[in-house]
Structures are given as C-alpha cells and as structure tokens.
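I opened the notebook to log what I looked up in this model. The entries follow in the order I made them.

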Amino acid sequence: MLELKKIYKIFNKGTIHESELFHDFNLKVEKNEFISIIGNNGSGKTSLINIICGSLEIDSGQVSFDGEDITNKKEFQRYSKIGRVYQEPSIGTCTDMTVLENMSLADNKGKSYNLTRGIRKNRIESYKERLRELDLDLENKLNVKVGELSGGQRQAMALLMATMTPIEYLILDEHTAALDPKVADIIMKLTEKIVKEKKLTTIMVTHNINYALEYGNRLIMMNQGEIILDESDFKKNSITAAEILSIY
Amino acid sequence: MDIFIGILEQGMIYAILALGIYITYKILNFPDLTVDGSFPLGAAVTAYLMTNSGDFVSVITLSHNPYIICVYALIAGSIAGLVTGIIHVKFNIRDLISGIITMTGLYSINLRIAGSANVPIFNYDTIFSNSLMGSIFPESLLKYKVIIIATIITLGTKIILDLYLKTKSGFLLRAVGNNQVLVTTLAKDSGNVKILGLVIGNAIVSLSGSILMQQQGFFEITMGTGTMVLGLASVIIGTNVFKKAKFMKATTSVIFGSIIYKAAMSAAMDISFTKASDMKLVTAILFLVILVFSEGKKKKVKADA
Ligand SMILES: Nc1ncnc2c1ncn2[C@@H]1O[C@H](COP(=O)(O)OP(=O)(O)O)[C@@H](O)[C@H]1O
Ligand SMILES: [Mg+2]
C-alpha cells in the first residue's frame, strides 16, 4: 500500500512565479491496484509521480509505503521498491552500453556493484529468453549498443530492465507516448503481462483513454493538482471512452 | 631516430595521463580541471619522498623505493579526486568550478609538499634508473629503457582499466556518465558513483605526473599548466581517428592518440621560429585545431543523417 497524505507543493515559492500545485492532496493506492491516471497537460500527473518517487520535494505532507513513513527517504533509496519507465526511451536504458550489458546492469539491482564480472554468463540464456518473448528481434542483438536500437526496442528494454528484480511498485509516465501505435500496443501488452506475473502495484499516466480503461482497474482524472474523478468500478459501470472524453 | 624515441617516450608517459582523463571526460562526462593540480601533485609527492628517502619514516613506509613511490602518487591523486567529487556532489557546485577550486588549492599544497618550485632528483633512484634496471637491461637496449618501462606501465594501466570497466562497479561508472537517472532508478546513489570516477581518474593522472617527473629528473611547479588540454587532446585525437576501428578498445585508441599528439607537437615545435617557451601556446593552438576538426566531422555526420 502506498499513501500520500496532506501533500502541499508550491513551485517557485517567494517569487512572482509562485504557483501552488497541490493543496491538501491525498491518495491511497492499495496493493495490486493498476491505476490509470489521465488529465490535461500541466494537471500535475508527472509531479505526483515525482513526489512518490522522491524526485520532487514537497513543502509538507507525508508519503508512506506499507505504513512506513518514507517522506525523508532519498530518491535512490525509494527505487529499491519501485520500477519506473519514462516517456523517453533513452532514460530507461544506457545508450552507450550493449543490450547484454544493460540487462546485466539491471539484473544486479538490489545487490552490490562490486569488482566481480559485470556480465554473468549463466544468465545470458534467460535474458535471451525474455528478449525473444518481445518478438522485436532483440535476442539477436545482445552485443549491439542500445543507442542503435529503435525507440520501441529501447522502451521494451527499459520496461524489462525496470521490472527485472523484485519490486513492489511499477510507475509508468506516458511510457507509450513516444511510440507509434503498433509498438505502443506491444509495450502495453508486455506491461500487462509483467504486472500480472510479478503482481505489481501499478500507476500508469497515459493520454490514451482506451489504454487507461482496458488495462487499469482504477481510473483517476486530474485537473490543476486535484483528483476530479476516481473510479474503481468502471468495468462494471461500463464507463465508455466517450463519456470520459466529455469531462476531459 | 632519436626524435622518434623521444616522441614514443613522451607519448607513452602522457598516455597514462590521457587514460585518466578518458575516465573523467569520456566515461564520467565530467570536464575535470582538477588534473592541472593532480598531475603535478604526483610529481610533488615523488619529489618529497625521494629527497627525504634517507629518514626513518621512509624506511618503515617503503617510500624510498621509486616503485612504491608510484603507489603513493596514486593515493595522493585519488584524494584530490575525492575532494573535487565531494565539492561537486555534496555541495552542489558545478563540475568545472569544483575542479578549479581543487586545482587552485593544489598549487599551494604542491609547493608545500615539494618544498620549492623546482626540485631536481638527478641523484636519486627512479623507476627508470636504479641498480635493478642496470642489471636487467643489456647495453644494447639501454637506449630503449624508458620506452620499454613506460610502455609496460601504460599497458598495465590500460589492462587494469579495461578489466575494471567490465566489472559491475565499472558498469555502474559507465552508466552514470551516460544516464544518471538510470543509476538512481537502480537504487544507487549516483553522486557516490561520480565521486568514485573522479577518484580513479585523478589517481591515474597523478601517477603519470610522478612518472614524467622521474623521467625528466625534476619537479617543477608549472608542470601542471595545460595538463587538461594536453590530455584531452590525446583523448579526442585517439577516439576520433580510430572511431571506425570497432575492434579496437577506446583505451587503446587513447594511447595511440597520445603518441600522435606528441608527434604533432614535436613537428610544430620544430618549425624554425618556435622556441621552447612557445610550448603552451602551441599546445593551445593544436588543441583548438583538433577540436575544430572533430567538431566539423560531427556536423557533417549530422547533416548526412
Ligand atoms: N520544476 C517546476 N518548476 C515550476 N513549475 C513546475 C515544475 N514542475 C512542474 N511545474 C508546474 O506544475 C504543473 C504540473 O506539471 P506536471 O506535473 O508536469 O503536469 P503533467 O504531467 O500533468 O502534464 C504545471 O503547471 C507545471 O508548470
Ligand atoms: Mg507529464
């Protein structure tokens, strides 16, 4: 369970550009929920995610994981439980390193980065296996630098890398927005598969309302730093994309 | 013939410097000016330890041995890198400024360590001339002694670096220069990884300072000026000239870059109207030419794409 309590966030405090985004913002995310977050540009979706991950400091309030207050925990410490995929495929991978090196790097998360060999030879087959499932021809590109891959291939790798080791939360910020529709579909299917397999609690920001409805089991719509719609039973209530769009 | 030997000697010794700068500039993506201070730091530490090599402490710490002195130079350089890293990471000071702060401070520290602005060590054992070397090298090879020893040290450094960059720690170092955010999402403090990179880079730079000093036979406070420019020129030449040679490791390219650079310097200094004191000016101009050339190439690549 992830909880945000009484979050306040003011940007550029004390200047003429001062603007308050979050005012007494509260959110409770239950275990195994798959929350889709939609909302206009500038409504605070990315800021919300940054507050959860610790990449954005808050003015007051509390962030907790499973009841443990982590408000003062540093960003890098929080990622021991979080996997995160960004909109730009390049952020989730190391472009100067090969596919194999990237997989090995991510595979070692949570362990010590010591002076033993970076690539564990006995893991190569299992990497190949995972890459083959993507059907993006990555299993034949183990020694290719990630920078030479397509955006879709890179984003698929970013997703694999973010979820390779045991984590509890998966955070996705428009992770299909930079991809063409066909590749976006592949990435969404892969996302769903991983979330189910690893039983991850997921928060996904998206502008694609169909994805939000199809893959999520809770829908949140944001506007100017507030939650203006929070619907868990939309599958039963059969909310349609058109209805959502009318409020959007 | 002698001029070629000179170029190879200098090229090999400065290649160690270039390997250090390769770590900070290329791997870490950090323009580290600390090197203008950590290069003479290695030389100053060497000068101090050699000229004090008779006393009791030096016997205990083995610092009368020129090879052990190289280890002390490495340690001194790593402390300089640590200081720059802490200034940058813990106090949030910009990369260039952090290096300048350490470099400026080191000028005085180096003077204190060495004792004066110019310390000759002609009468002391060095890694190039000592009784052991005298017995190993036959008469016919004496001429190539410096090249051989410098090449061994340079290749040794290169091989250790290559091996390190293939370890888990090395992977993380490569990742932090390429994509700091990724390192954070791997639940690692990217700041600490950067500090580690600066420690390694400056340790190597300081080692090269010690070796150059032992070869030329004296410490000079001004020997650090332009170190960054000189090392970076070798790195840029090496990585650009051998870009297409995929089979070649970047560290190897950097070593060749250093030799090519020394050859170019030697050619430029040979022109009749240049005199010895023009060295730094020639260094600067040559660096500019290299930058313009490599940048020009990049633009062309972009235009082609
Ligand atoms: N670092 C920042 N400094 C100032 N304003 C910011 C900063 N980050 C976000 N904002 C403001 O907060 C609001 C929400 O931004 P963001 O969270 O990126 O929205 P979204 O992801 O929903 O498009 C915007 O008005 C934006 O201008
Ligand atoms: Mg956003």
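**Entry 1: His64(B).** I looked for His64(B) and found it in the loop between α3 (56-60) and α4 (66-90) of chain B. Helices here are DSSP runs of H or I with at least four residues, strands are E runs of at least two, and both are numbered from the N terminus. I noted that the model is predicted, so local features need pLDDT of at least 70 and side-chain atom pairs pLDDT 80 or more, while totals for chains, interfaces and linings use all residues. Residues are numbered from 1 along each chain as its sequence is written, chains are lettered from A and ligands numbered from 1 in the order in which they are written, and side-chain values use heavy atoms, without hydrogens and water.

The classes are buried under 20% relative accessible area, exposed over 50%, and partly exposed in between (1.4 Å probe, protein chains only). I then listed contacts (heavy atoms within 4.5 Å). Beyond its neighbours within four places in sequence, His64(B) touches Ser53(B), Ser58(B) and Val59(B). I also checked Tyr107(B), 43 residues away along the chain: its C-alpha atom is 24 Å from that of His64(B).

**Entry 2: Ser55(A).** I moved to chain A, where Ser55(A) sits in the loop between α1 (45-53) and β4. Ser55(A) is partly exposed, because its relative accessibility is 33%. With neighbours within four places set aside, I found Asn50(A), Glu75(A), Tyr79(A) and Arg84(A) in contact with Ser55(A). The side chains of Ser55(A) and Glu75(A) make a polar contact at 3.2 Å. That term means a pair of N or O atoms within 3.5 Å; within protein, one must be able to donate a hydrogen and the other to accept it, and residues adjacent in sequence count only if both atoms are side-chain atoms. From Ser55(A) to Phe76(A), 21 residues along the chain, the C-alpha separation is 8.9 Å.

**Entry 3: the sheet of chain A.** I traced an open sheet of 4 strands in the order β2-β1-β4-β5, with antiparallel pairing. β2 (19-29) and β5 (68-69) are at the edges with a single partner strand each, so one side of each has no neighbour in the sheet. Strands pair if DSSP finds at least two bridges between them.

β1 (residues 2-11) and β4(A) pair over 5 bridges. β4 (residues 60-65) and β5(A) pair over 2 bridges. Ser64(A) is the bridge partner of Glu3(A) and also of Asp69(A). In the hairpin of β4(A) and β5(A), with 2 residues between the strands, Asp66(A) takes a positive phi near 50 degrees.

**Entry 4: chain A against chain B.** How many residues does each chain bring to the contact? Chain A gives 32 residues and chain B gives 19. The two chains bury about 2100 Å², 66% of it on carbon and sulfur atoms. Buried area is the accessible area (1.4 Å probe) that two parts lose on being put together, summed over both. In chain A, Phe76(A), Leu105(A) and Tyr113(A) lose the most area to chain B, together 28% of what that side buries.

I found 1 salt bridge across the interface. Arg174(B) forms it with Glu101(A), the closest N and O atoms being 3.0 Å apart. The rule asks for a side-chain nitrogen of Lys or Arg within 4 Å of a carboxyl oxygen of Asp or Glu. I also logged 12 residue pairs in polar contact, both residues at pLDDT 80 or more.
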